[in-house]
Amino acid sequence: MGKYFGTDGFRGEANVNLTVEHAFKVGRFIGWYFGKEKRARIVIGKDTRRSSYMFEDALSAGLTASGADVYLLHVTPTPSVSYIVRTEDFDCGIMISASHNPFYDNGIKLIDSQGHKMAAAIEAELESYIDGNHVEIPLATGSEIGSTVDYSAGRNRYVGYLISLATRSFKSMRVGLDCANGSASHIARSVFNALGAKTFVMNAEPNGVNINENAGSTHMDALQKFVLENQLDVGFAFDGDADRCMAVDEKGEIVDGDKILYVCGHYMKQQGHLKDDTVVTTIMSNLGLYKAFDAIGIEYKKTAVGDKYVNEEIVKNNYSLGGEQSGHIIFSKHATTGDGVLTSLMMMEVMLEGKELLGKLCEALVIYPQLLKNIKVKDKKMAQENPAVQKKVAEVAEALGDSGRILVRESGTEPLIRIMVEAKKDTLCEKYVEQVVAVLESEGLTQ
């Protein structure tokens, strides 16, 4: 990862460690980089947080000052930017969002012309420019100055594309949607209504500061209650930029990304649509998922945490399906990134095809208890490589054997060591996590 750009773009608190000056420089560089041989065409989307409008203006100013033409999708999901970039012949897409973070954070995600996250080499050159260690970029003058175009029609085309993917009517289904007061607020209801569902919507009134606030895929309790109170068949929760989806079954039980991968992977294998009968996961997927995959003959690949790495593995081997426990699910036939609304449509297809509700479809998957603790440390690398810590981790792994696992890794963005244990009982998870924490403390590694 670079100085500014991590696995999910340049993210920080608005005007603290991600400022309008940063956004202007990103625009200046991108407009110049993609406009070396022609006038660059850049499309921008944003989520509903207050600072997104400020960053949109700053990016647009930088881009047009470098001679690029800017097309504004306005408030829209991240996957819509990815879709429009690759289908409408744009040179680059920019999404302004901090995903599931609170409103005061924001981020700038760069998307290449194929709809994938921007190459690390380009981000590295951009970082050099931000820090003043790059050749000077000239300002466009006269007729070379770029223009800004309202492109809400592009967002509408994305909505039409989603609707076109459904293979049957949702007429018999009562569906709940938690839009997290984010990007899905503008499109999810219209998609489900168009497909005939009886749609019940919550958290779809964004005001600039309520995005993700006790809502969406990171706060599932509200949707669980909503599904039960309204006697719904299923509920779907999205995050701020609608690239994640989590679900709630008819009994009010949470269906996370692992369960979604199981349900969709099983269905796609049965339909002959699962390339090499393989699903791509991250190292954080639950042990129960792998045991369930083993039982139905599905292979799996494990990547580092981050949908960026899942997508790289999918692209490298042309796999059909992959995702994260957090709800980033990639259906490579239809999209190049995680897409929350698309995921909900694919789940509806499985339910309608099999004439089964989600609870029944998940029955064969037994999720192991899992505990994750984030420990603030003085030096992540030193903590990870400490001999006493490594010895304790090895002892825990041996004690768990085939009935559990331990994973200790560094945070990509914070001074944290993340300790995750899965076991047959919650008490075992707690016991083994605390053993590792105790060693970190005794070795003087914690803050």
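Strand β17 (residues 370-376) pairs with β19 in the antiparallel sense, over seven bridges. The model in which this pairing is found is a predicted one.

**Strand β19 and its partners**

In the pairing of β17 with β19, Leu372 stands opposite Met420 of β19. A further antiparallel partner of β19 is β18 (residues 405-410), joined to β19 by six bridges. Here Ile406 stands opposite Val421 of β19.

How many of the residues of strand β19 are buried? In β19, which covers residues 416-422, seven of seven residues are buried. In a regular strand, side chains alternate between the two faces of the sheet. On one side of β19 are Leu416, Arg418, Met420 and Glu422, and on the other are Ile417, Ile419 and Val421. Both faces are covered, and all of these residues are buried.

**A five-stranded sheet**

An open sheet has five strands in the order β9-β8-β10-β11-β12, and its pairing is mixed. Which strands stand at the edges? They are β9 (198-202) and β12 (254-255); each has a single partner strand, so one side of each has no neighbour in the sheet. The partner strand β11 (residues 245-248) runs antiparallel to β12, and two bridges join them.

**Cavities and a pocket**

Rolling a probe the size of a water molecule over the atoms shows where empty space is left. The structure holds two cavities of 30 Å³ or more.

| Space | Volume | Classes of lining residues |
|---|---|---|
| Largest cavity | about 180 Å³ | two nonpolar, ten polar, seven charged |
| Second largest cavity | about 70 Å³ | seven nonpolar, four polar, two charged |
| Second largest pocket | about 340 Å³ | seven nonpolar, six polar, four charged |

The largest cavity has a volume of about 180 Å³. Of the 19 residues lining it, Asp8, Leu110, Ile111, Lys117 and Thr337 are the closest to its centre. Three elements, α3 (78-87), β6 (105-111) and α10 (307-317), each supply at least two residues of the lining of the largest cavity.

The second largest cavity has a volume of about 70 Å³. It is lined by 13 residues, and the closest to its centre are Pro79, Tyr83, Arg86, His334 and Ala335. Which elements give two or more residues to the lining of the second largest cavity? They are α3 and α5 (152-165). The largest share of this lining, four residues, comes from α3. Helix α3 also supplies at least two residues of the lining of the largest cavity.

The second largest pocket has a volume of about 340 Å³. Of its 17 lining residues, the closest to its centre are His273, Lys333, His334, Met346 and Glu349. His334 is also listed among the residues closest to the centre of the second largest cavity. For the second largest pocket, α8 (257-270) and α11 (340-354) each supply at least two lining residues. Helix α11 gives the most, with four residues.

Definitions and conventions:
Residues numbered from 1 in each chain as written. Predicted model: local features only at pLDDT ≥ 70, side-chain atom pairs only at ≥ 80, totals over all residues. Heavy atoms only, no water. 1 Å grid on protein atoms, 1.4 Å probe; cavity = no way out; pocket = protein on both sides within 12 Å on 5 of 7 lines; lining within 4 Å. Points joined across faces, edges and corners; volume = space filled by probe spheres on them. Nonpolar A, V, L, I, M, F, W, Y, C, P; charged D, E, K, R; others polar. Pairing = 2+ DSSP bridges. Buried < 20%, exposed > 50% of the residue type's maximum accessible area, 1.4 Å probe, protein only.
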